[in-house]
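Hi everyone, thanks for making time this morning. I'd like to walk you through one model and a handful of its residues, so please have the picture in view.

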Amino acid sequence: MKLRTKILLSYILLISILVCGIYAFFDIYAINELTNKHIKLAENSVGDISRMNRKLSRQTLGELGRTILELVTERSAMRAAVYLNAKGDAYMHDYEKLRKDKKFRSMVTHPVYIYGEQAGFADLFDDTGTAVMHVNPEVEGKNYKIWREQYPQMWNLVRKSFTEMSVSGKYEFIDEKGQPCEKFMAICQVPGTPFRISTAVRISRYFDPIHEKISESEKSFTNLINSGMVSSSREASRKIRLWSIPFIAFVTLLCMLFGLWFSASIAAPLKRLISVVRELGGGNFATSIPEDGTYETVQLAQTFNQLGGKLMGYIQSLKNETEARQSVESEIKIARNIQSSLLPKNFPKSEWFNTYSRLEPAKEVAGDFYDTFIVKDRLIMIVGDVSGKGVPAAFFMAVVRTLLRDLCHNFDDPGRILTRANNILCEENENCMFVTLLLCIYDINTGDMRFANAGHNEILRLKSDGTFANFGFTGNMAMGIVPDSDYRTVIENINPGDLLVMYTDGITEAISSEQVLYGIEKLSELVSGAGSDVDPERLCSMIVDDVLEYESGNRFDDITVTAFKKY
C-alpha cells in the first residue's frame with residue numbers, strides 16, 4: 001500500500017479521534033504538569049549527586065597526583081644514588097664533571113608532562129642548598145638561600161630537606177610573565193650522597209587538566225541520565241494517556257485503535273529512520289535500517305544502508321591514513337629536534353679569526369651537518385654529508401658528530417681521528433650508510449691548519465689579493481665503507497686576510513629550472529665578488545640565498561656552508 005493511501009485513511013479516522021481527544025484534554029493536561037514536576041525534581045537530585053562526586057574526585061585525584069610526584073622524585077633519587085655510588089666519592093664532588101655528564105643530567109633534570117604538556121621539571125641541589133643541576137643553566141651554582149625572602153615557602157621546604165629524607169608541599173611563585181602562581185614541590189635525598197632531587201610542578205598545569213576531564217565526564221553523564229529520565233517519563237505519560245479514556249464508547253474505541261494502527265504503520269518506519277540518522281550523525285556508521293514498511297520507506301532504508309556502508313569504508317580509510325601520517329610526522333619532529341639541538345648556535349671568534357656556518361635542509365630532517373668548537377688552543381671545524389635524507393640520515397649524522405667530538409678531545413691529529421672513527425662506523429653498519437667529511441684543526445697560536453678529507457669537496461680559499469688557492473684533496477674515500485682505511489693529515493698555512501669556504505655538494509650540484517648545475521665556478525664568482533673582507537656570517541647568507549634562488553624551489557639536496565676568516 002502506498003504511503004499517501006495510508007495518510008488518506010488516517011485523515012478519515014481523525015474526525016472520530018478528535019471527538020475522543022476533547023474529552024481527554026483536561027486529563028492529559030494534568031498528567032503533563034505532574035510529569036514535568038517529577039522530571040525537574042529528579043534532575044535537581046542528579047545535579048546534587050554529580051557535584052558531590054566532582055568534589056570527592058578532585059580531592060582524591062589531588063592526593064593521588066601529589067603521591068605520584070613524590071614517588072617519581074624518590075625513583076629518580078634511587079637511580080641517581082646507584083649511578084653516583086658506582087662512580088665514587090671523588091666524582092660526585094666534582095660538580096664540573098657532573099654537569100657535563102649528559103646521562104646523569106637526564107636523570108635529575110627531566111621534565112614532567114601531563115596530557116602531553118610540560119607541567120614542571122626536576123633539578124638537583126646539595127646539602128648546602130646550592131643548585132648543582134638545573135634546567136636553567138644560569139641557576140646552577142647559586143644557593144637557594146638567596147631566594148628565601150622572595151619565596152619563603154620554597155626555602156622552608158629546601159631547608160627542611162636538610163634534616164628529613166623526603167619533604168613536599170606548596171609554595172607561591174612568580175612565573176615568566178610576572179604573574180603569581182602556585183606550585184607543588186617534592187624533595188627527596190639521594191642516599192649515600194650530599195644531594196637532593198626536587199621536582200616542582202605548576203598546580204594549574206599538573207592538576208587542573210585532570211579536573212577538567214572529570215568535569216566534562218560528569219556533565220556528559222548527567223546529561224545522559226537526564227535524557228533517560230525525560231524519555232522514561234514521557235513514555236510513562238504516553239501510556240497513561242492511552243488508558244485515560246475508559247469511558248469512550250466501544251465503537252469510538254474501535255475507531256481509535258484502527259487509526260492508531262494506521263498511524264503506527266506510517267510513523268514506525270520514519271522513527272526508525274530518524275533514530276538511525278541520528279546515530280549516523282554521531283559517527284556510528286555500522287547501524288542499519290530494517291527494510292520493511294511502505295514502498296517509499298523500503299527504498300529510503302536501502303539508500304541509507306548503502307550510504308552507511310560507504311561512509312564506514314571512507315572513515316576507516318581516512319583514520320588509517322591519518323594515524324600513519326601522524327606517526328611519521330611525530331618521528332620526523334623528534335629527529336628534527338635532535339638534529340637542531342646538536343648543531344651549534346654560537347660560533348667561535350676572536351680578534352685573530354671569525355667563523356660561521358649555515359644549513360638549509362632539503363627535507364624536514366637533513367643529512368648534512370657542521371660543527372665548530374674549540375679544544376684548548378685548537379679550533380675544530382667539521383663539514384659532512386651523510387648518504388640519504390630524512391630520519392635515517394639525521395640519526396647517522398648524530399652518531400658521527402658525537403663520535404668526532406669525543407675523538408677531537410682525545411687526539412689532535414685529523415688523520416688519526418678519521419681513521420679511528422671510520423673503524424668504529426664500519427663495525428655495525430648494517431644499512432651500509434656512509435659520510436663524506438672534512439675535518440680541519442686550526443692552531444690559533446701558529447696559524448697552521450691541519451686537515452683530513454674523507455671523500456669531501458676541496459676547501460675554497462680566497463686570498464687577500466683576490467686570487468684563489470684551493471686545497472683539501474687527499475685521495476681518501478668516505479667513512480663507513482672500508483674498515484682499516486688510513487686517512488692522511490695535511491698541513492696548510494693560513495695567512496692573514498685569507499677567507500676559507502667549506503661546503504657540501506648541495507651547493508655545487510644545485511639544479512636550475514633549465515637543468516643546469518650551479519657549479520664550483522659560480523660559487524667562486526660569488527665569493528670573489530663578496531671579497532676577502534666580507535663577514536663570514538654575511539657570506540654564508542649570500543651563498544645560501546643565491547643557491548635557493550637558483551633552484552627556484554626544485555630542491556633535491558641539503559645546503560651546508562662554513563666560512564672561516566683569518567685577520
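Let me start with a question: leaving aside its neighbours within four places in sequence, which residues is Arg-401 in contact with? The partners are Leu-342, Phe-369 and Asp-371, where contact means heavy atoms within 4.5 Å.

Before I go on, a word on where this comes from. This is a predicted model, in which local features need pLDDT of at least 70 and side-chain atom pairs count only at pLDDT 80 or more, while totals for chains, interfaces and linings use all residues. Residues are numbered from 1 along each chain as its sequence is written, and side-chain values use heavy atoms, with hydrogens and water left out.

Back to Arg-401, which sits in helix α10, residues 390–410. Helices (H or I, at least four residues) and strands (E, at least two) are DSSP runs, numbered from the N terminus. Arg-401 counts as buried because its relative accessibility is 10%. The cut-offs there are under 20% relative accessible area for buried, over 50% for exposed, and partly exposed in between, with a 1.4 Å probe and protein chains only. The side chain of Arg-401 also makes a polar contact of 3.3 Å with the side chain of Asp-371. By polar contact I mean a pair of N or O atoms within 3.5 Å; within protein, one must be able to donate a hydrogen and the other to accept it, and residues adjacent in sequence count only if both atoms are side-chain atoms.

The rule for a charge over a ring is NZ of Lys or CZ of Arg within 6 Å of the ring centre and within 35 degrees of the ring normal. Lys-87 does this too, with its charged end over the ring of Tyr-91 at 5.2 Å from the centre.

Now for the rings themselves. How many aromatic pairs does a search of the whole structure find? The search gives 14. Rings of Phe, Tyr and Trp (its six-membered ring) pair if their centres lie within 6.5 Å; planes under 30 degrees apart count as stacked, over 60 as edge-to-face and the rest as tilted. Take Tyr-95 and Phe-195: their centres are 5.9 Å apart and their planes are at 50°, so this pair is tilted. It links distant parts of the chain, with Tyr-95 in helix α3 (residues 95–100) and Phe-195 in strand β6 (residues 195–202), 100 residues apart. Tyr-95 is partly exposed at 23% relative accessibility, whereas Phe-195 is buried at 0%.

Another tilted pair is Phe-347 with Tyr-370, at 6.0 Å centre to centre and 35° between the planes. Phe-347 is in the loop between α9 (295–342) and β7, and Tyr-370 is in strand β8, so this pair ties together parts that are 23 residues apart in sequence. Both Phe-347 and Tyr-370 are buried. Ring pairs also join Phe-125, Tyr-144 and Trp-147 into a cluster.

Next, helix α14, which runs over residues 536–551. Its 16 residues reach 23 Å from first C-alpha to last, close to the 22 Å expected at 1.5 Å a residue; that expected span is 1.5 Å times one less than the number of residues. The buried residues of α14 include Leu-539, Ile-543, Val-544 and Val-547. What do the buried residues of α14 pack against? Their partners are β7 (353–360), β14 (499–503), α12 (505–508), α13 (519–530) and β15 (559–566). Just after the helix, Ser-552 takes a positive phi of about 55°.

Lys-376 is exposed, with a relative accessible area of 76%.

Last stop: Thr-436 in strand β10, residues 435–443. Thr-436 is buried at 16% relative accessibility, and a polar contact of 3.1 Å joins its side chain to that of His-456.
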